[in-house]
Amino acid sequence: MKFLRNYLNKIKPHFEKEGKLHAFRSVFDGFETFLYVPNTTSRTGVNIHDAIDSKRIMSFVVIALIPAMLFGMFNVGYQNAVAANIDATFWEMFAFGFLAVLPKIVVSYAVGLGIEFAWAQWKGEEIQEGYLVTGILIPLIVPVGCPLWMLALACAFSVIFCKEIFGGTGMNIFNPAIAARMFLFFSYPSVMTGDKVWVADSPIFGLGGTPLDTVSGATPLGELAQGKVAAFNWDMVTGLIPGSIGETSVIAIAIGAIILLWTGIASWRTMFSVFVGGVLMALLFGNIGMDAAKYPAVAMPWWHHFILGGFAFGAVFMATDPVTSCRTKTGQYIYGFLIGAMAIIIRVMNAGYPEGMMLAIFFGNMFAPTIDHFIVQRNISKRLNRNKAVKE
């Protein structure tokens with residue numbers, strides 16, 4: 001790696017002021033700081049320095065997402081094989097899923113990073129690193145049947161209207177990945193819901209089988225919209241069920257959670273509180289005598305909510321986003337609880353929209369600054385009253 005460092009040092013003057021490539025300074029800076037930790041330090045004010053910067057934080061999150069991504073690729077091939085009623089090997093199914101998911105990841109990064117690079121050049125600012133995570137989150141929370149052009153529109157919308165206009169990474173109010181999914185859900189609902197969006201529309205390497213345009217594969221939560229409560233089976237835990245690419249496997253998500261908690265990247269308070277809020281709200285609905293015919297979700301055991309849909313994925317990877325979640329410790333408990341409880345409320349009360357995690361996190365993002373404000377003001381008032389009592 002010393003050769004690469006020497007090469008970057010050699011070409012760096014061309015990108016500095018007065019250099020022949022100075023117009024692309026932000027592009028070079030983004031590439032350099034992605035490879036190496038910057039050695040610059042603040043020159044004014046009081047600052048607290050750490051051994052890790054935001055690019056390294058984002059890299060750890062991407063690493064934590066890899067298990068869910070890899071399993072999602074396999075599950076895409078597996079669901080295709082099941083739907084087509086063919087006998088495919090593990091590697092055939094994984095290769096099919098890899099080739100189906102990879103274009104979505106490429107499009108997501110190409111569009112999102114392209115806009116961020118262009119925006120940084122236009123503003124004369126450094127390229128920000130937040131899209132390293134957003135770029136892989138967006139493909140993982142959409143169905144495999146989502147067209148690439150729709151995905152590109154969603155990525156552009158999330159970067160421009162939910163991030164850059166607020167000032168870029170660290171200034172956005174809403175999670176860009178959630179914004180992308182909401183854009184797709186409300187603009188193109190037919191590609192985000194139903195029973196024909198979860199299976200790739202081509203056979204596995206010409207192995208034959210049932211034509212895929214004749215099959216359907218409703219998710220367990222999708223069956224709730226039809227008044228049916230799916231019986232438990234271990235596929236719900238392993239993730240071998242229809243669903244968004246990265247959201248089906250609780251085991252893969254748990255591995256990612258362990259990585260995030262072990263490295264200290266994610267807040268355990270937020271993550272824990274999301275599940276607590278979900279448990280208490282599910283138990284409440286299950287014990288107040290609601291009509292199961294009208295609200296079929298009340299017939300589900302409380303723990304079914306955590307292994308179905310995007311609840312676990314949202315709790316681990318999206319509710320814990322350090323930019324759009326609460327910063328105060330007490331606020332993190334309240335914020336997480338609010339998201340978990342609201343997700344179950346939406347699932348139970350709106351039978352036509354059983355996947356409530358997306359809206360729950362969106363509303364949680366909306367209230368996070370307010371929650372932190374009141375926590376901080378409360379602490380200030382307590383200190384003032386304590387000092388006043390001491391003086392008296």
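This is a predicted model: local features need pLDDT of at least 70, side-chain atom pairs count only at pLDDT 80 or more; totals for chains, interfaces and linings use all residues.
Residues are numbered from 1 along each chain as its sequence is written, and side-chain values use heavy atoms, with hydrogens and water left out.

## Around Val316

Val316 sits in helix 13. Helices (H or I, at least four residues) and strands (E, at least two) are DSSP runs, numbered from the N terminus. What does Val316 touch, leaving aside its neighbours within four places in sequence? The contacts are Ile253, Gly256, Ala257, Leu260 and Met271, a contact being heavy atoms within 4.5 Å. Val316 and Thr270 are 46 residues apart in sequence, yet their C-alpha atoms are 8.9 Å apart in space.

The rest of helix 13 is tucked away too. Eight of its eight residues are buried, so helix 13 is largely enclosed by the rest of the structure.

## The chain as a whole

Stepping back, the protein chain comes to 15 helices and zero strands. Of its 392 residues, 49% count as buried. Among contacts between residues at least 6 apart in sequence, 72% join residues at least 24 apart. The chain exposes about 19,500 Å², and carbon and sulfur atoms supply 65% of that; accessible areas come from the Shrake-Rupley method with a 1.4 Å probe, and for residues only the protein chains shown count as cover.

## Two salt bridges

How many salt bridges does the structure hold? There are two, with a salt bridge taken as a side-chain nitrogen of Lys or Arg within 4 Å of a carboxyl oxygen of Asp or Glu.

| Pair | N to O distance |
|---|---|
| Glu116 and Lys163 | 2.4 Å |
| Arg181 and Glu247 | 2.8 Å |

Take Glu116 and Lys163, whose closest N and O atoms are 2.4 Å apart. Glu116 lies in helix 4 and Lys163 in the loop between helix 6 (148–161) and helix 7, so the pair ties together parts that are 47 residues apart in sequence.

Arg181 counts as buried at 12% relative accessibility, and Glu247 is buried at 9%.

## Empty space inside

Rolling a probe the size of a water molecule over the atoms shows where empty space is left. Here a cavity is a set of points, on a 1 Å grid over the protein atoms alone, where a 1.4 Å probe fits but cannot get out, and lining residues have an atom within 4 Å of a point. Grid points are joined across faces, edges and corners, and a volume is the space filled by probe spheres set on the points. The count comes to four cavities of 30 Å³ or more.

The largest cavity holds about 260 Å³ of space. Of the 20 residues that line it, the closest to its centre are Met58, Val133, Asn175, Asp321 and Pro322. Helix 5 (131–140) and helix 3 each give two or more residues to this lining, and helix 5 has the largest share, with three.

The second largest cavity holds about 80 Å³. Its lining includes Arg181 and Glu247, along with Gly314 and Met318. Helix 15 supplies the largest share of this lining, three residues.

Most residues other than glycine have a negative phi. Asn85 has a positive phi of about 60 degrees, although it is not a glycine. Asn85 is found in the loop between helix 3 (54–84) and helix 4 (90–123), and is exposed, with a relative accessible area of 65%.

How values were computed
Buried means under 20% relative accessible area, exposed over 50%, partly exposed in between (1.4 Å probe, protein chains only). On a 1 Å grid over the protein atoms alone, a cavity is a set of points where a 1.4 Å probe fits but cannot get out, and a pocket is an open set with protein on both sides within 12 Å along at least five of seven lines; lining residues have an atom within 4 Å of a point.
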